[in-house]
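Let's take a friendly walk through this structure, one piece at a time. Keep the sequence and the 3D view open as you read.

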Amino acid sequence: MKKIQDQEVRWGVLGVGNVCEVKSAPAMKHVPHSKLVAVMRRDEAKVKDYAVRHEVSKWYTSAEALVHDPEVNAVYIATPPHMHLPLTRLVAAAGKPVYVEKPMARTYAECREMIAVCEEAGVPLYVAYYRRALPHFLKIKELMDSGAIGDIRTVHINLKQVLKPDVVVHLENNWRINPEIAGGGYFFDLASHQLDLLDFFFGPVTKASGFSSNQAKAYHAEDIVTGSFVFENGVLGSGNWCFTTSKTAEIDEIIIYGSKGLIRFETFGKGEFTLESDQEDPIHYHVDLPRHIQQPLIKSIVEDLLGTGTCPSTGRTAARTNWVMGEMVG
């Protein structure tokens, strides 16, 4: 069923920062029946520069002005998390679909309010957990669902990074370690992708607990988290995240263990993973990823809005990840 009256989705973007350079907003022009028609940022020079470089016809310094532009019929909120709830209120009040960056909000309570606001306004709410639509993760899910590693027993997340990862060097303002803006530290920014992906694989987590600490005292947010969780389907999971390790200790690995084998992969690496089973030699899979990494998910949103498909990442699925993270950090 169509969720908008138009024959195409005409996007407006609030907060055209780094994530909009390659990952997300440019894809909106490459998806069938989708256009990027307006962008907004408070800094006039920067938003005008973005509009010129990306050939966007309209630019604004006011969120209200973009949201109420009659040409815009769907809005992507690409700001840091502290603005997700107030901007969702604004967009929903205008009766337009909402696509919001991840993590969905700073807290589970904010997520619930975003869901309520959109449901009351009768508008759909999507969240940018784009790994749910990437081809290698879809292949992993397909293999597990077909029994390639037998019955799933447990899953373990292991993510270690140095205090100042390469990505931070290129940021103007590292809000990701400011709890007032981000809700937490790198755990909220990065583990959210991992936990949401496992929700996609196995369904909701029903129990979660953990411990967190600020060991290095380099910033105010937690820098180490350990956690355990139980999925609705009975699979058990654990995770260990540390963002102040040595370079030699850096790792990005998830291992899913089954009764007949295992699958191991990186969350933030290339489109690769390895399947190991008792009966066969290890099989290494490689899938080329799209240049605009959010494009498959944005395509699913456009199809969902136009009634030709469904989107796997909604406010309800994304809010579950905020709940799990909240349970782990306390």
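Arg132 and Asp196 meet in a salt bridge, with their closest N and O atoms 2.7 Å apart (a salt bridge here is a side-chain nitrogen of Lys or Arg within 4 Å of a carboxyl oxygen of Asp or Glu). Arg132 sits in the loop between β6 and α5 (135-145), while Asp196 belongs to helix α8 (residues 186-202), so the pair ties together parts that are 64 residues apart in sequence. Helices (H or I, at least four residues) and strands (E, at least two) are DSSP runs, numbered from the N terminus. Are the two partners buried or exposed? Arg132 is buried, with a relative accessible area of 5%, and Asp196 is buried as well, at 2%. Buried stands for under 20% relative accessible area, exposed for over 50%, and partly exposed for anything in between (1.4 Å probe, protein chains only).

A word on the source before going on: this is a predicted model, in which local features need pLDDT of at least 70 and side-chain atom pairs count only at pLDDT 80 or more, while totals for chains, interfaces and linings use all residues. Residues are numbered from 1 along each chain as its sequence is written, and side-chain values use heavy atoms, with hydrogens and water left out.

How many salt bridges does a search of the whole structure find? It finds 22. One of them joins Asp49 and Arg53, whose side chains meet at 2.8 Å, N to O. These two are 4 residues apart in helix α1 (residues 44-53), which means they are separated by about one helical turn. Asp49 is partly exposed, with a relative accessible area of 38%, and Arg53 is partly exposed too, at 44%.

Asp69 and Lys58 form another salt bridge, their closest N and O atoms being 3.1 Å apart. Here the link is between distant parts of the chain: Asp69 lies in the loop between α2 (63-67) and β4 (74-77), and Lys58 lies in strand β3 (residues 58-60), 11 residues away. Asp69 is buried, with a relative accessible area of 4%, whereas Lys58 counts as partly exposed at 25%. Elsewhere, Asp6, Glu8, Arg10 and Lys35 are linked in a network of salt bridges.

Now turn to the sheet. In general, strands of a sheet pair through backbone hydrogen bonds, either parallel or antiparallel. In this model, an open sheet of 6 strands runs in the order β3-β2-β1-β4-β5-β6, with parallel pairing; two strands pair if DSSP finds at least two bridges between them. Which strands form the edges? They are β3 and β6, each of which pairs on one side only. On average, neighbouring strands of this sheet are turned by 25° against each other, direction ignored.

Look at β1 (residues 9-14), which pairs with β4 in the parallel sense over 4 bridges. Trp11 stands opposite Ala74 in β4. Helix α9 (residues 295-306) lies across β1, β2 (34-40), β4, β5 and β6, and runs at about 125° to β1. For such angles, axes are lines fitted to C-alpha atoms, for helices over the stretch in contact, and the angles run from 0 to 180 degrees between N-to-C directions.

Glu110, Cys111, Met114, Ile115, Val117 and Cys118 are buried in α4. Seen down the axis, these buried residues fall within an arc of 165°, so they line one face of the helix; the arc is that of the directions from the helix axis to the C-beta atoms. The face turned away from the buried side carries the exposed residues Ala109, Arg112 and Glu120.

What do the buried residues of α4 pack against? They pack against α3 (84-93), β5 (98-100), β6 (125-127) and α10 (315-329). Just after α4, Gly122 takes a positive phi of about 75°.

His84, in helix α3, counts as buried at 0% relative accessibility. Leaving aside neighbours within four places in sequence, the contacts of His84 include Val100, Met104 and Met114, where contact means heavy atoms within 4.5 Å.

Finally, Ala318 in helix α10 is buried, with a relative accessible area of 0%. Beyond its neighbours within four places in sequence, Ala318 is in contact with Met104, Val127, Tyr129 and Asp196.
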